[in-house]
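I opened a notebook for this entry and meant to look things up one at a time. My plan was to begin with the terms, then go through each chain in turn.

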Amino acid sequence: MVTPDKTAAGLSRRFPTTSWSLISAAGRDSAESADALGALCAAYWTPVYAFIRRKGYTREESEDLSQAFFTRVLEHRTLAEARRERGKFRSFLLASVTNFLANEWDRSRTQKRGGDSIALSFDFDTGEERYHREPYHELTPEALFERQWAMALLDRVLGRQREEYVRRGNATHFDLLKVFLTGDHGRGENHELAAQLEMSGAAIRTAVHRLRRRYAELLREEIAATVADGDEVEAEIRFLLAALERA
Amino acid sequence: MTTAKRCPECGGSLMAGSQEGMCARCLLAAVLGDARAAPPAGLPAPGEWVGCYRIVRLLGEGGMGMVYLAEQETPISRRVALKIVKLGMDTREVVARFESERQALALMDHPAIAKVFDAGSTPQGRPYFAMEYVTGISITEYCDKHKLAIRQRLELFSAVCDGVQHAHQKAVIHRDLKPSNILVVEIDGKPAPRIIDFGVAKATAQRLAGNSLFTRLGSIVGTPGYMSPEQAGGAAEVDTRTDVYSLGVVLYELLVGVLPLDFSNTPVDRFPRRLREEEAPRPSAKLRALAEQSGPSARQLHGDLDSIALKALEKEPARRYASPSELAADIGRYLRGEPVEAHPATAGYRAGKYVRRHRIGVAVAAAAALLSLSFAAAQTFQLRRTMNERDRANRERDRARRIAEFMTNMFKVSDPSEARGNSVKAREILDKAAQEIDTGLAQDPELQAQMMQTMGDVYDNLGLYSRELPLLSRAVEIRRRVLGPRNPDTLTSMRGLGRNLMRQARYAEAEKLDRETLDTQRRVLGPEHPDTLKSMNNLATLLVGEGRYAEAEKLDRETLELERRVFGPEHPDTLALLGNLANVLSGQGRYAEAERLYREALDIRRRVLGPEHPRTLGSMNNLAIVLNHQGRYAEAERLHRETLDLERRVLGPEHPDTLRSTANLAMDLHLEGHYAEEEKLVRATLEIQRRVLGAEHPDTAVSTYNLACDAALRGDRDAALSLLREAVDHGLIPEFDRGIDRDLDLKSLHGDPRFPALVAHAKERAAALGKPK
């Protein structure tokens, strides 16, 4: 069954659909999998940064460590482990960064910086800002990683969805309707909304319904790209929900 | 620090502005369709710990309690299924009873038995069991889903018996065998049973005194239908034969589709008595009594299988099979066509058995598979006209009867008085059916077309393309007439016909048909419909066959993108397309690109389909070819040999794929300079190709061409020229025709006056046959 919304999926260049299961299966030999891995790392670097930061490193150290860590990941030095584990990208990243901080930091510090290593550009101001936004209490680095992971994932999904609306020339619709993603609150203001969007109440309800359905599709798609098996998606949603509730 | 805003839905603080002012928790919860997602009171939520297990998610709810997927991290990291027993049971007693059997359970080590690791109590005081996490589905569901034939069902069931037998040898009785406790997983593409919950029933069984049994029914033991009479009657001790009875019920259900006795409307207090006194009807009789036919025919069950099932279901334990292995042994005898023990051993019976065994031989299994295929076809038949329920039922019944009659007739292949060999092959049955279907089911053209399609598929799987063609042509014709030219089934038949024409290298006809099919499908079904995508793939494959690589590449990339989106990246169709795209790249000489795609497809297939699946083998063959193209002959040879070994075993020595790999191995050998070995291999292959594929098949022509090259290299010009001529006149593809004068292997012919004439003839033929590149 093809829903009308579906035609917009997967065409985005800014948010390439990548699959962790493919990467972990293909390993170092595949150039495509390297690109895909790069895309995944670019999407999920903030939890790593927050994790390192919560471990007690300063901002500058954390930036350097994040750079060095992702450089190593992208040079595929850790992918063999990934293939062995066949787990989720999230678990792989957490295990790898833990391992990196424990064992490999010293070695990587002595290696030449820059040179022919892979260039990464992270917006560390954003990372720092997000890190500080977290309630500053007893969260362990691991729990913080999981929360930040959930946030990064949701950001990406919202970004992808907005992109779809932008491509259809409906960015305003998205910006005004997205609040309904989390529930039916604010229905009382629909008159105002209807006027802003020049839509009838019924049309808005349909649009909201579509928005929510598509959002769910995109979220599942996005999660599916980070796990080894399609059947782990629902479990992952529950896990992330639990991670957010731990605060 | 800013004051945290609160989510209007859940009241939680909005922790990250990054979600554009929205509550991250509610965003996730909304997707689950359950904003609160609160677990029932007293049950663990995902992320919580139970003993040393962390709950991942709820897998399901059974009569006995809830089953969770959980993760264990120490001492080993693994996933387990955690069964948490409902309240109302004495946790200490359950755990104590489990402990008493723990040693015996630990001794069990059998592929058909899922291990039970541990038992304990949750923080809320409920008993739990941790066991091996098995991702299969129940045996009955599996058999129906995959439309397994009787033989396959019996084989699978025998494996279950083996597992139960192993447990009995370790003094463990299951006590609660039923389909939902017998899961089936696929290992290397083959079904394998896993019995779960060993030791659980015993630990959770409540003391059998007075009416306590009745409180158990439906809540702990589950469906009473699988319980032995002695167990239901509250016997103080049951023995291994109680499992034999339950196995008998499962066998019955696998053969007939329903339980031997229906207790659904029986009040709980009358159940033990009914179970004790009421005899199960013979499976064949039960099947006949059921209105709708599915799976096996009553005829197949009549006799031995009836006897086997009823012997396992004897009320008196002493009259049953003494053990699961005896039950399995009798099934084995049935499968081999030997007299079964369950049957009264009269002289007439034994003689009849002997005759049948020798007349039909091994054909029975294949024919049974064909039969069940036909039933499946009939069952999936969709009635397009509206009619009331009774008409519908009557119609379905008539249909089933017609198929049964038609297929039964097919078994009367030879006159018993006629002395001819001792076996009737499934092929003969199929051939006869193909001949007679035109008249045999004439009164029901829809059904007739469906059967033709089904038989066509069987021929296709056997690689007998020329026999498939008339069936598919007729099916298209009938469906166009009866269902109309735009009907999805008509279009599917058209695609099948196009594929068949292509396989026989009748490219022009195939292309015309493919384009017509595709255009109609795009209009009628839509551009992303799986059928439409399959047709795009078909057309691209055809273009490759004709050497039109650029067109094929464009179409393949378009289709691949759609399939990745619509089916997902690991779907068999997506992978097939990946392989096709690689073929196109390879055809254009872009070998490194092609190699990468082949490896990607091969890795996924090995993982998803298993190392012996025909499609996995296809990937191996393709990868080996592209290695050869890159001059990596030794690597190619090694991989081709590996592929060929598997293909000979899995597909048989005469299968077209096997032949193709043989020809490819010959090419490796040739390029490595091992001419003698190569020529021997090509001769042997050519002989089979002529017989199986026919003299006009492109693959046959290529082998002939290769032999010509060998002859030319030896300096035997006469032989070389005559073989070349044969290849050109019998199916050589235009590309080869055009390249004859440039082929270095044929250099020794260049001085011969006959050679230019042959070259001209070949180019002429190529111009007539092939399209310009």
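Before listing anything as buried, I wrote down the rule: a residue is buried if 20 or more other C-beta atoms lie within 10 Å of its own, exposed if 12 or fewer, and partly exposed in between, with C-beta atoms placed from the backbone. I also noted that helices (H or I, at least four residues) and strands (E, at least two) are DSSP runs, numbered from the N terminus.

This is a predicted model, in which local features need pLDDT of at least 70, side-chain atom pairs count only at pLDDT 80 or more, and totals for chains, interfaces and linings use all residues. Residues are numbered from 1 along each chain as its sequence is written, while chains are lettered from A and ligands numbered from 1 in the order in which they are written.

**Confidence**

I looked up the scores for the complex and found that the predictor gives an ipTM of 0.74 and a pTM of 0.37.

**Chain A**

I read chain A as having 12 helices and zero strands. Of its 247 residues, 36% are buried, and when I took the contacts between residues at least 6 apart in sequence, 70% of them joined residues at least 24 apart.

Which residues of α12(A) are buried? I listed A:Ala235, A:Glu236, A:Ile237, A:Arg238, A:Phe239, A:Leu240, A:Leu241, A:Ala242, A:Ala243 and A:Leu244, and with 10 of its 13 residues buried α12(A) is mostly covered. This helix, residues 233-245 of chain A, reaches 18 Å from its first C-alpha to its last, close to the 18 Å expected at 1.5 Å a residue, where the expected span is 1.5 Å times one less than the number of residues.

I then turned to a helix pair: the axes of α8 (residues 141-167) and α11 (residues 201-224) of chain A come within 9 Å and cross at roughly 130°. The axes are lines fitted to C-alpha atoms, for helices over the stretch in contact, and the angles run from 0 to 180 degrees between N-to-C directions. α8(A) and α11(A) are therefore oblique to each other, since angles under 35 degrees count as roughly parallel, over 145 as roughly antiparallel, 65 to 115 as roughly perpendicular and the rest as oblique. Where they meet, A:Leu153, A:Arg156, A:Val157, A:Arg160 and A:Gln161 in α8(A) face residues of α11(A) including A:Arg214, A:Tyr215 and A:Leu218.

**Chain B**

Chain B has 33 helices and nine strands, and buried residues make up 44% of its 773 residues. Among its contacts between residues at least 6 apart in sequence, 59% join residues at least 24 apart.

I picked out α24(B), residues 572-587, which has 16 residues and reaches 22 Å from its first C-alpha to its last. As 12 of those 16 residues are buried, α24(B) is largely enclosed by the rest of the structure. Its buried residues pack against α22 (530-545), α23 (549-566), α25 (591-608) and α26 (614-629) of chain B. After α24(B) comes B:Gly589, with a positive phi near 85°.

Most residues other than glycine have a negative phi, and I looked for departures from that. B:Lys147 has a positive phi near 45° and is found in the loop between α3 (139-145) and α4 (150-169) of chain B; with 17 C-beta neighbours inside 10 Å, B:Lys147 counts as partly exposed. B:Asp188 has a positive phi near 50° and lies in the loop between β8 (182-187) and β9 (190-195) of chain B; with 12 C-beta neighbours inside 10 Å, B:Asp188 counts as exposed.

My last entry is B:Gly631, in the loop between α26 and α27 (633-650) of chain B, which is exposed with 10 other C-beta atoms within 10 Å. The C-alpha atoms of B:Gly631 and B:Leu671 are separated by 8.5 Å, although the two are 40 residues apart along the chain.

Conventions:
Contact = placed C-beta atoms within 7 Å.
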